[in-house]
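Welcome, and thank you for stopping by. Please take a moment to look over the sequence and the model, and then let us walk through them together.

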Amino acid sequence: MSPVETLRDRALRAAAEVVDPEIPVLTIADLGVLREVREVDGTVEVLITPTYSGCPAMNMIALEVEMALERAGLPRARVRTVLSPAWTTDWMTEEGRRKLRDYGIAPPGRTGGRRALFGEEAVACPQCGSTRTERLAEFGSTSCKALWRCLACREPFDHFRCH
């Protein structure tokens with residue numbers, strides 16, 4: 001293994017452990033926000049993409065990545081926010097989707113298909129699994145989640161919105 005690979009691997013491991021400040025059970029790697037780690041002119045550069053362009057958590061995420069890299073012995077590393085291509089819920093890992101469900105947040109479905117075209121969503125309740133659910137509000141506890149209610153168990157829950 002070359003020194004460049006070791007540097008990159010160390011930076012990737014450190015950055016991948018940073019958690020989302022709004023959903024602390026997810027890492028930025030789980031979310032797909034961590035897009036790339038590369039070595040440029042002897043310096044590590046980490047690319048992150050927000051879940052949406054106005055995400056208020058991105059400044060905190062960038063700061064947390066910088067601090068994680070410094071703790072890993074990479075004090076001159078740079079964190080860069082990249083808006084294109086736009087983030088999509090398809091970038092979330094299956095592990096991230098499982099963590100959301102276990103935390104009580106309905107994970108997003110895969111984008112595309114007939115349901116996405118016509119705005120028909122069948123969201124399973126993370127408490128009981130029923131798909132007899134209804135959206136109460138377009139936005140939930142954060143802008144990336146919508147507020148839903150299960151008609152079977154009557155529990156409210158957040159659903160991570162697809163985009």
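How many salt bridges does a search of the whole structure find? The search finds 13 salt bridges. Please keep in mind as we go that this is a predicted model.

Let us begin with one of these bridges. The side chains of Glu45 and Arg80 meet with a distance of 3.3 Å from N to O. Glu45 sits in strand β2 and Arg80 in strand β3, so this pair links distant parts of the chain, 35 residues apart.

Another residue to look at here is Thr43, which is found in strand β2. Thr43 is buried, with a relative accessible area of 8%. Leaving out residues up to four places away in sequence, Thr43 touches Arg38, Arg76, Ala77 and Arg78.

Now please turn to strand β6. There, Arg149 forms a salt bridge with Glu134 of strand β5 (residues 133–137), and the N to O distance is 2.3 Å. Because the two residues lie in these two strands, the pair ties together parts that are 15 residues apart in sequence. Arg149 is partly exposed at 26% relative accessibility, and Glu134 is partly exposed at 27%.

Lys145 also belongs to strand β6, and its partner Asp158 belongs to strand β7; the two are 13 residues apart. Their side chains meet in a salt bridge of 3.9 Å, N to O. Both Asp158 and Lys145 are buried.

Which residues touch the most other members of the largest nonpolar core? They are Ile28, Val44, Val46, Ile48, Val65, Leu69 and Phe160, out of 32 residues in this core. The elements that give two or more residues to the core are α1 (3–16), α2 (28–31), β1 (34–40), β2 (43–48) and α3. Helix α3 supplies the largest share, six residues. Another core lies apart from this one and has seven residues, including Val123, Cys125, Ala146 and Cys150.

Setting aside neighbours within four places in sequence, Val65 is in contact with Ala15, Val18, Ile28, Val46 and Val79.

Helix α3 covers residues 58–71, and Leu63 has its place there. Is Leu63 buried, exposed or partly exposed? With a relative accessible area of 39%, Leu63 is partly exposed. Together with Met60 and Met67, Leu63 forms a nonpolar patch on the surface, and the three have about 240 Å² of accessible area together.

Let us go back to Phe160, one of the core residues that touch the most other members. The structure holds one aromatic pair. Trp87 and Phe160 form this pair, which is edge-to-face, with 6.0 Å centre to centre and 65° between the planes. Trp87 lies in the loop between β3 (78–81) and α4 (94–103), and Phe160 lies in strand β7 (residues 156–160), so the pair ties together parts that are 73 residues apart in sequence. Both Trp87 and Phe160 are buried.

The loop between β3 and α4 is also the place of Pro85. A cis peptide bond joins Ser84 and Pro85, with omega about 5°. Why is such a bond worth a look? Most residues other than glycine have a negative phi, and most peptide bonds are trans.

Asp41, found in the loop between β1 and β2, has a positive phi near 50°. Asp41 is exposed, with a relative accessible area of 77%. Arg154 likewise has a positive phi, near 70°, and Arg154 is found in the loop between β6 (145–150) and β7.

Definitions and conventions. Residues numbered from 1 in each chain as written. Predicted model: local features only at pLDDT ≥ 70, side-chain atom pairs only at ≥ 80, totals over all residues. Heavy atoms only, no water. Patch = residues over 30% accessible without salt bridge, like charges linked within 9 Å, V, L, I, M, F, W, Y side chains within 5 Å. Areas by Shrake-Rupley, 256 points an atom, 1.4 Å probe, with all protein chains shown as cover. Salt bridge = Lys/Arg side-chain N within 4 Å of Asp/Glu carboxyl O. Helix = DSSP H or I, 4+ residues; strand = E, 2+ residues; numbered from the N terminus. Buried < 20%, exposed > 50% of the residue type's maximum accessible area, 1.4 Å probe, protein only. Core = buried A, V, L, I, M, F, W, Y, C linked by side-chain atoms within 4.5 Å. Contact = heavy atoms within 4.5 Å. Phe/Tyr/Trp six-rings, centres within 6.5 Å; stacked < 30°, edge-to-face > 60°.
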